[in-house]
Amino acid sequence: MSTQSDNRFQAIISHAKEYGFVFQSSEIYDGLSAVYDYGPYGCELKKNIRDYWWKSMTQMHENIVGVDAAIFMHPTTWKASGHVDNFSDPMIDNKDSKKRYRVDHLLEAYADQLEEKGEAEKAKTILATMDALLAKEDYAGLKQLIIDNNIKCSISGTCNWTDIRQFNLMFDTKLGSVTDEADTIYLRPETAQGIFVNFLNVQKTARMKIPFGIAQTGKAFRNEIVARQFIFRMREFEQMEMQFFVRPGTEGDWYKFWKEERLKWHLSLGIPAEKYRYHDHVKLAHYAKEACDIEFEFPMGFKEVEGIHSRSDFDLSQHQLYSKKKQQYFDADVDPTTGKPYGNYVPYVIETSIGLDRMCLLVMSNAYDEETINKEDGTTDSRVVMHIPEKIAPVKLAILPLTKKDGLPELARELMDACKGSFRCFYEEKDAIGKRYRRQDAIGTPFCVTIDHQTKEDGTVTIRYRDSMQQERVHMSKLKSIVLEAIS
Ligand code: ATP
């Protein structure tokens, strides 16, 4: 990360804390690494993003329904899914600092440094060699690559490395009252499996016909080996996943459909297209047919925000094998080549999986702006503003009576009562109006409205737009529809 990007990232993290978006978990005890809490504005933003995703996936697609599965699942689930045996990353420890690194992160960070020094070709070669070695699971070769390039631990500054080992990312705990007799269970590392094990329950109760999808949002847990990446990589995070069940043979078209559809969702928030790109996977899991990431240009560079995966019938077949219960669908549609119904089969799956916290970071990084304002008298001023899309802004409308007296608060309260049932409003009487505007800019409120003495005479108020800072007078009765139109 260049110093400039690093400064911007640090500024966003400080702003998130200062204005009640994100706090370090248990901060009074010095925090818990890679775990975060959302404050008053952060939790509104997160909820709005979740609702926006949920609505666009379920309400707007008639063939997608939801589930809300438990975090704890039968331990065999994770045997069947492959997580017990394979959900691990190659790790390496520095013997002097005792710091543990994910091997790919260590090499990627080194490649970033090379790029910054203008050695892009060398960086590319290292990453290509790394990909090839990872694909072969050649850990001795990967360690040699680290040693040959003299890659040092950022804490000890030495190259004194252990051998590379696999490290499972799942957290386990015990179910039951007596620890000795209790069964080991896992905190789910993804929400997807709660969808797969409920496939037939949902299909039958909601009478779904293929192709159809099941959506779910919820917490997931991974014992990530992390460096300071704020809410980009957390140990407890939230996912928004959708599994789309299709007839075998149609998965290619559906993969293409969801790949485009998901990018459209991101762009529908008004975030510039040039900040996004696809990254098609070269190294695929043995069962996967195609996979890609939607990447966003975060302050630390282009990084994954969402994955789209064509997973064949792997998950349902595995659950069929381990549970000994058929996970099949009877397709009564007629196959034109045989003239007979397609009959029973285990459906293929296209998965879309996005991290809600990563999406919050995406929105905050895209929104954060330190602006210089040229004033009419020739002087300049500055402001920090969050250009959060109106639809998902934590507060939509700030209602600000100019003074605390002369009946202005009463009029403002009337407006508040008329609007607060429809969207999140904020009421404030204290401080000069300019100061109040700045505070709303900092939390991304798209509309502020000032009630002044003229309001008493003709019922008009001053509406002030966050992004342009333009102000205009409108009748108080129009405000609700102005805001509703902008956020719908
Ligand atoms: P990465 O390569 O960044 O570890 P992944 O490929 O393991 O991610 P998936 O398993 O495909 O991620 O999970 C889907 C989505 O969940 C990711 O695109 C990301 O947005 C989110 N996600 C995954 N791990 C984390 C985490 N530790 N913290 C926050 N979000 C995460």
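Visitor: Where does Lys324 lie?
Guide: In this predicted model, Lys324 lies in the loop that runs between helix H11, residues 314-323, and strand E14, residues 329-335.

Visitor: And what's its phi like, positive or negative?
Guide: The phi of Lys324 is positive, at about 60°, although Lys324 is not a glycine. As background, most residues other than glycine have a negative phi, and most peptide bonds are trans.

Visitor: What about the peptide bond from Ile210 to Pro211, cis or trans?
Guide: That bond, from Ile210 to Pro211, is cis, and its omega is near 5°. Pro211 itself is found in the loop between helix H9, which covers 199-205, and strand E9, which covers 212-221.

Visitor: Let's switch to helices. At what angle do H1 and H12 pack?
Guide: Helix H1, made of residues 3-18, packs against helix H12, residues 356-367, at an angle of about 110°, and their axes are 10 Å apart. Angles from 65 to 115 degrees count as roughly perpendicular, and H1 and H12 are therefore roughly perpendicular to each other.

Visitor: Which residues make that contact?
Guide: From H1 the contact takes in Arg8, Phe9, Ile12 and Ala16, while H12 brings Leu361, Met364 and Ser365. Sorted by class, the residues in this contact of H1 with H12 are 5 nonpolar, 1 polar and 1 charged.

Visitor: OK, and how do H6 and H7 cross?
Guide: The axes of helix H6, residues 120-135, and helix H7, residues 139-148, come within 9 Å and cross at roughly 160°. An angle over 145 degrees counts as roughly antiparallel, so that is how H6 and H7 are described relative to each other. H6 passes H7 in a left-handed crossing.

Visitor: Who meets whom there, between H6 and H7?
Guide: On the H6 side there are Ile126, Thr129, Met130, Leu133 and Leu134, and these meet Gly141, Leu142 and Leu145 in H7. The residues of this contact of H6 with H7 divide into 6 nonpolar and 2 polar, with no charged ones.

Visitor: One more pair: how far apart are the axes of H2 and H10?
Guide: The axes of helix H2, residues 40-59, and helix H10, residues 251-267, are 12 Å apart, and the two helices pack at an angle of about 140°. That makes H2 oblique to H10, and the crossing of H2 and H10 is right-handed.

Visitor: Now the ligand. Which residues come nearest?
Guide: There are 16 residues around the ligand, and of these Glu224, Arg233, Met234, Glu304 and Val305 come nearest.

Visitor: What is 3.0 Å from an oxygen atom of the ligand?
Guide: A polar backbone atom of Gly355 is at that distance of 3.0 Å from a ligand oxygen. With Arg358, a polar side-chain atom lies 3.1 Å from an oxygen atom of the ligand, and for Gln239 an N or O atom in the side chain is 3.3 Å from a ligand oxygen atom.

Methods:
Residues are numbered from 1 along each chain as its sequence is written. This is a predicted model: local features need pLDDT of at least 70, side-chain atom pairs count only at pLDDT 80 or more; totals for chains, interfaces and linings use all residues. Side-chain values use heavy atoms; hydrogens and water are left out. Axes are lines fitted to C-alpha atoms, for helices over the stretch in contact, and angles run from 0 to 180 degrees between N-to-C directions. Helices (H or I, at least four residues) and strands (E, at least two) are DSSP runs, numbered from the N terminus. Angles under 35 degrees count as roughly parallel, over 145 as roughly antiparallel, 65 to 115 as roughly perpendicular and the rest as oblique. A crossing is left-handed if the near helix is turned anticlockwise from the far one by less than a right angle, and right-handed if clockwise. A residue is near a molecule or strand if one of its heavy atoms lies within 4 Å of it. A polar contact is a pair of N or O atoms within 3.5 Å; within protein, one must be able to donate a hydrogen and the other to accept it, and residues adjacent in sequence count only if both atoms are side-chain atoms. Contact means heavy atoms within 4.5 Å. Ala, Val, Leu, Ile, Met, Phe, Trp, Tyr, Cys and Pro count as nonpolar, Asp, Glu, Lys and Arg as charged, and the others, Gly among them, as polar.
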